[in-house]
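Hi there,

Here is the structure I promised to send over. Have a look first, and then read on for what turned up in it.

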Amino acid sequence: MKLSIDFAFAGFEIIKKNPVAVLLWGVVYTVVSLAATVLMVLTGGTSLAALQNYEQSPPSDPAAVFGQLAAVLPSALLAGLIGLVVSAVIQCAVYRTVLQPSAKGFGYMQLGSHEVRQIVATILWYLAFFLFYLLFLVAAMIPLVLASLVTRASGVLGGILIFIVAIAAVVAFIYILSRWSLALVQSFD
């Protein structure tokens, strides 16, 4: 059985076949990012400036920081929502170039059901990642605590055991995330 790694170079193929579309995606993402940043500065600029000034001279009342964060939150959420939508549109455009090359459009960008599924899948992916991360930390701590108890009995053996458990935990974490890596592509069609 021959192993094909052509998929690893698909990005270069997209650039070669559709350089204008790739350039357009970069321009759209940059313009929208700048617009979202300007919107955030215009709507929450005074609170952002106050938060930045707290680095130099912290307030006497720590609750003041939360007040400024609450003032920035609506504009930050709006900027995040704009970024999520634009990311979904551009990601689906990339998927469309490979999976549906006949659907040209404006740089393969559209705003339809694929993009809505991409937004929902992205939100669910991040929620699942957060929950998995918390569960993984708890699950990884149990063998690490047990290994640290062995360290008290035998320092070298315990250190080796902690190292092995930590490496196994990192490998398991990367393995599971790699299994989840295609979830957004699979939500496209």
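Let me begin with helix α1, which covers residues 10-17: Glu13 and Lys16 both sit in this helix, three residues apart, or about one turn. Please keep in mind throughout that this is a predicted model.

**Salt bridges**

The side chains of Glu13 and Lys16 meet in a salt bridge, with 3.9 Å from N to O. Together, Glu13, Lys16 and Lys17 make up a network of salt bridges.

Lys16 counts as exposed because its relative accessibility is 61%, and the cut-off for exposed is over 50%. Lys17 is exposed too, with a relative accessible area of 60%.

The count of salt bridges comes to three, and one of them joins Arg96 and Glu115, at 2.7 Å from N to O. Arg96 belongs to helix α3 and Glu115 to helix α4, so this pair ties together parts that are 19 residues apart in sequence. Are Arg96 and Glu115 buried or exposed? Both Arg96 and Glu115 are buried.

**Helix α3**

Helix α3 runs over residues 63-99, which makes 37 residues. From its first C-alpha to its last, α3 reaches 51 Å, close to the 54 Å expected at 1.5 Å a residue. Where does α3 bend? The bend is at Leu73, by about 40°, and a proline, Pro74, follows within four residues.

**Aromatic rings**

There are eleven aromatic pairs by the count used here. One of them is formed by Trp125 and Tyr126, which are edge-to-face, with 5.6 Å centre to centre and 85° between the planes. Trp125 is partly exposed, with a relative accessible area of 21%, whereas Tyr126 counts as exposed at 53% relative accessibility.

Another pair is Phe132 with Phe173: the ring centres are 5.4 Å apart and the planes are at 15°, so this pair is stacked. The pair links distant parts of the chain, with Phe132 in helix α4 and Phe173 in helix α5 (residues 155-180), 41 residues apart. Why do Phe132 and Phe173 count as buried? Buried means under 20% relative accessible area; Phe132 is buried because its value is 14%, and Phe173 is buried because its value is 15%.

**A nonpolar patch**

Lastly, here is something to look for on the surface. Which residues form a nonpolar patch there? The patch is made of Val138, Met141, Ile142, Val145, Leu146 and Leu149, and their accessible area together is about 570 Å². Leu146, one of these, lies in helix α4, which spans residues 113-153.

If you open the model, I would start with Glu13 and its partners Lys16 and Lys17, and then turn to the stacked rings of Phe132 and Phe173.

Happy to go through any of this with you.

Best wishes

Key. Residues numbered from 1 in each chain as written. Predicted model: local features only at pLDDT ≥ 70, side-chain atom pairs only at ≥ 80, totals over all residues. Heavy atoms only, no water. Patch = residues over 30% accessible without salt bridge, like charges linked within 9 Å, V, L, I, M, F, W, Y side chains within 5 Å. Areas by Shrake-Rupley, 256 points an atom, 1.4 Å probe, with all protein chains shown as cover. Salt bridge = Lys/Arg side-chain N within 4 Å of Asp/Glu carboxyl O. Helix = DSSP H or I, 4+ residues; strand = E, 2+ residues; numbered from the N terminus. Phe/Tyr/Trp six-rings, centres within 6.5 Å; stacked < 30°, edge-to-face > 60°. Buried < 20%, exposed > 50% of the residue type's maximum accessible area, 1.4 Å probe, protein only. Expected span 1.5 Å × (residues − 1). Bend = angle between axes of the 7 residues up to and from the residue.
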